[in-house]
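Subject: Structure handover

Hello,

Please find the structure below. My notes on what was found in it follow.

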Amino acid sequence: METISSFFGFGNTTSFADMCHLIGAFGNCCVIETDEGLVVFDIAQEQFGQLVFDQLRSLTDRPIKYLIYSHGHFDHCFGFSPFVEELKKNGWEMPQIIAQENILNRWEKYRMLEGYHRWLNRQQFASVIGNDSSFRLSARETLDPTIIVHEEYSFELGGWTFELFHDKGETDDALWLWFPGKKVIFSGDLIISGFPNIGNPYKVQRYPKHWALAMERMLAKNAEYLAPGHGPLIESKDKVNDVLSITAEAMHFVHDEVVKRMNQGKWFEQIYNEMLEIYPDRFKDHEYLKPIYGCYPFAIHAVYRLYHGWYDKGNPTDLFPAESDIIAREFLKISSAEAYFEHAKKLFSQGNLQLALHIIDPVIKGLDLKRPEILLEAIKLKISILEKQVKDESSFITSNILTNEVIRLNARISDIKENLDS
Ligand SMILES: [Zn+2]
């Protein structure tokens with residue numbers, strides 16, 4: 001997974017257009033130097049605050065006059081501590097802090113759901129965070145905006161004009177910055193140098209159609225540089241146009257194709273599988289749509305969920321479902337654990353990984369410790385299937401979900417063995 005390191009982009013700084021810098025961190029921090037001070041667009045995750053501060057101060061001594069949040073995610077807004085300390089030390093005025101109005105609701109929600117977010121972000125970022133308990137993933141302390149933007153806002157500093165626009169995409173509180181003097185777009189996570197993170201399985205609703213429209217609004221600017229929320233600077237009019245148009249096209253495609261099928265009366269399962277078959281090669285092979293973080297299958301969920309309730313297969317069996325462990329135990333009364341195991345093994349050897357998972361699950365969920373040998377074999381088989389899936393997977397989020405389950409299953413094997421020994 002070579003490309004994911006550029007997504008987290010630690011410590012590389014790119015200077016461009018005479019007065020701009022992109023400091024690579026998780027996420028990118030962008031800086032524009034004017035004679036009257038700095039405009040800073042995003043300030044990274046708390047753990048990268050010092051790195052961003054050191055990089056920025058190796059470039060310029062000027063004070064920050066404006067700090068803009070592209071959106072309220074923790075990797076863009078929480079690295080402020082070293083900057084606040086510096087302000088106090090130098091007796092500088094606090095900068096104006098600009099954000100879209102929905103950021104405050106977002107942070108309120110994070111505070112309400114702090115335990116849940118800590119848990120789910122540890123799942124999503126498991127391979128980066130590991131066991132580091134100091135990794136802050138919530139919004140306990142925030143540096144709140146002093147200027148709230150609804151749709152658009154512009155300001156001047158050092159004789160330059162800066163224009164902010166609100167669009168929805170990954171979040172409902174996104175702002176992007178247009179710097180007309182040097183033809184630069186600072187996009188935040190509307191561009192992340194890979195397939196948009198639009199259908200994250202852990203997170204709330206995202207906005208595919210609005211995302212496409214945001215790309216089109218950016219395209220109309222004819223920018224020469226695009227500084228993304230993650231990944232390296234995109235330079236030249238052609239490349240900027242390319243990343244914006246292909247992203248717009250992909251978002252329109254997934255949105256319109258799902259909507260078309262919903263209007264034909266199809267349920268999610270059918271839509272999903274049909275959509276997997278029709279994903280165009282021009283998206284699949286495009287350098288700016290690589291599934292390094294988000295991915296196409298998740299985007300299909302995003303569109304369906306935007307317009308549909310949770311009853312998604314049209315099967316009344318799912319309306320008031322029994323627990324899956326109890327269902328599994330019933331299956332094992334009909335057919336033996338060995339029969340399921342052998343069949344799953346066969347599917348695995350044929351490369352049918354997804355079906356193999358469905359078939360091995362009743363054994364793992366339905367058996368108790370009275371049949372330890374077959375239970376252990378089944379868990380090991382599931383681990384092998386998941387490990388094979390991880391090997392073939394490029395999406396960071398998917399890989400973490402699969403790997404987390406491998407870790408959990410290995411722990412279960414140890415527990416079962418300990419139980420047998422005692
Ligand atoms: Zn981000």
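Helices (H or I, at least four residues) and strands (E, at least two) are DSSP runs, numbered from the N terminus. Residues are numbered from 1 along each chain as its sequence is written. This is a predicted model, in which local features need pLDDT of at least 70, side-chain atom pairs count only at pLDDT 80 or more, and totals for chains, interfaces and linings use all residues, while side-chain values use heavy atoms, with hydrogens and water left out.

Aromatic pairs

Rings of Phe, Tyr and Trp (its six-membered ring) pair if their centres lie within 6.5 Å; planes under 30 degrees apart count as stacked, over 60 as edge-to-face and the rest as tilted. The structure holds 24 aromatic pairs. One of them joins phenylalanine 26 and phenylalanine 48: the ring centres are 6.5 Å apart and the planes stand at 85 degrees, so this pair is edge-to-face. Phenylalanine 26 sits in the loop between strand 2 (20-23) and strand 3 (29-34), and phenylalanine 48 in the loop between strand 4 (37-41) and helix 2 (49-59), 22 residues apart.

For burial, the cut-offs are under 20% relative accessible area for buried, over 50% for exposed, and partly exposed in between (1.4 Å probe, protein chains only). Phenylalanine 26, at 2%, is therefore buried, and so is phenylalanine 48, at 12%.

Phenylalanine 268 and tyrosine 272 have ring centres 5.5 Å apart and planes at 35 degrees, so their pair is tilted. Both lie in helix 10 (residues 268-277), 4 residues apart, which means about one helical turn separates them. Phenylalanine 268 is buried at 10% relative accessible area, whereas tyrosine 272 is partly exposed at 22%.

Ring pairs also link Phe26, Phe48, Phe74, Phe125, Tyr293 and Phe396 into a cluster.

Zinc site

Donors are N, O and S atoms within 2.8 Å of the metal (3.2 Å for Na, K and Ca); water is not among the atoms, so sites may look incomplete. Asp75 (OD), His76 (NE2), Asp189 (OD) and His230 (NE2) coordinate the zinc ion at 2.1 to 2.2 Å. The donor residues follow the spacing D-H-x112-D-x40-H in sequence. Aspartate 75 lies in helix 3 (residues 74-77) and aspartate 189 in the loop between strand 11 (184-188) and helix 8 (208-219), so the two tie together parts that are 114 residues apart in sequence. Aspartate 75 and aspartate 189 are both buried.

Regards
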